[in-house]
Amino acid sequence: MVTTLHARSRKAAPMSAEPIPLVDLHAQYRQLRPKVIASLLDVLDDMHLYLGPQQKGFEREFADFCGAAHGVSVCDGTEALTIALRACGVGPGCEVITTAHSFMATVEAIANTGATPIFADIDPVTYTLDWRQLESLVTDCTKAIIPVHIYGHPAEMDPIMDFARKYELSVVEDASQAHGATYKGRKVGSIGDVGCFSLYCSKNLGAYGEAGVCVTNDATLAEKMAVLRDHGSRVRYEHNMMGVNGRMDEMQAAILRVKLPHLDDWNERRRAHAAYYSERLRDVVSDVPAVAPDAGHVFHLYVVRVANRDALREALQAEGIGTGIHYPIPLHLQPACARYEYTAGAFPVVESIAQQIISLPMYPEITQAQLDRVIAAVERHAEK
């Protein structure tokens, strides 16, 4: 079924010399430019450059958006995960279970606390953490679980939460690719003990540079995270713990407040684009993205599987179409993770898909003609 945003096109769109990027940040900025500039001028006129009214306003508004009680803004998504883990008591000697299929920041955050990452394979349909493996991975040292809502699809949170409560573990949601995604009607980030979001420029909700935010329903955790992100200080020059310089600046907060009211609409557009892609490509590629019945996918990335991934990517590049691979090397096989002593073959599902996945252009402002051009190129070059 094609959504109302797109009418079915039987013919390939005419070829254009204009490149189609994987993500087009200019298209969104052009629409918001007057309000963005005005918000930045307000900050500069006020000269309250961090921990000010913009940051406090964004924390409140984003927490409300997620259905959470508290928001704690930080400088980036990696710091969001790190301070969330620390607030939950994760440190040296602890183990944290997470997926082998994510961006490196997920495991960096664990390592930054002094804890040890324990990897799990992924569900072959949704590519999220395979919760069925948790029982075989838990030890007396396990302190937390980080499910990753990969590509904008939520992890299966009910069994993860049931398992965590059984073993008294903290759950820190890595929602860096899933702003506005839902699981059984609840916004991701509000389900575990803490939800962590990267606000990197290309995310569904992105700053103009780096930023991040944590949300939680636990006032104690919110207070700990707020102290940790500001050099471990509640009162200036009085430091209660070893913290970090992890504050979000007022300019980024102001920009994010301009963008946040548009996020639901942008996500709906992503869903419409994804539905159009999937209808046209379902019989062309090996797999189009799955959406679980209880999931509200927000398609930060549109990822398909093909047998000839590298050749397809080269062919699309030659036609001016941007692509990505998210991610070509599973976390357990990254050189930086060699000390954890995992070997090839440990997680066959993620190792298999890493050889076949390719991300196609996806952003709210992508046009019908651009979608048709991408689809026509994939039809010409893809092998199932």
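## The sheet

In this predicted model, seven strands form an open sheet with mixed pairing, in the order 1-9-8-5-4-2-3; helices (H or I, at least four residues) and strands (E, at least two) are DSSP runs numbered from the N terminus, and two strands pair if DSSP finds at least two bridges between them. Strand 1 (70-74) and strand 3 (116-120) are the edge strands, each of which pairs on one side only. On average, and with direction ignored, neighbouring strands of this sheet are turned by 25 degrees against each other.

Strand 8 (residues 194-198) pairs with strand 9 (residues 212-216) in the antiparallel sense, over four bridges, and Cys 196 stands opposite Cys 214 of strand 9. Residues are numbered from 1 along each chain as its sequence is written. Local features need pLDDT of at least 70, side-chain atom pairs count only at pLDDT 80 or more, and totals for chains, interfaces and linings use all residues, while side-chain values use heavy atoms, with hydrogens and water left out.

## Helices on the sheet

Helix 7 (residues 219-228) packs on the sheet, where it touches strand 1, strand 8 and strand 9, and its direction makes about 15 degrees with that of strand 1. Contact here means heavy atoms within 4.5 Å, and axes are lines fitted to C-alpha atoms, for helices over the stretch in contact, with angles that run from 0 to 180 degrees between N-to-C directions.

## Helix against helix

Helix 3 (residues 77-87) and helix 7 cross at roughly 125 degrees, and their axes come within 9 Å. That angle makes helix 3 oblique to helix 7, given that angles under 35 degrees count as roughly parallel, over 145 as roughly antiparallel, 65 to 115 as roughly perpendicular and the rest as oblique. Ile 83, Ala 84, Arg 86 and Ala 87 of helix 3 make the contact with Leu 221, Lys 224, Met 225 and Leu 228 of helix 7.

Helix 1 (residues 25-46) packs with helix 8 (residues 250-259) at an angle of about 135 degrees, their axes being 9 Å apart, and this makes helix 1 oblique to helix 8. Among the residues that make the contact are Leu 32 and Val 36 of helix 1, and Met 251 and Ile 255 of helix 8.

## Cysteines

The structure holds zero disulfides, a disulfide being a pair of cysteine sulfur atoms within 2.5 Å. Cys 75 is in no disulfide, and the nearest cysteine sulfur, that of Cys 214, is 10 Å away. For Cys 94, the closest cysteine sulfur is in Cys 141, at 7.7 Å, which is too far for a bond.
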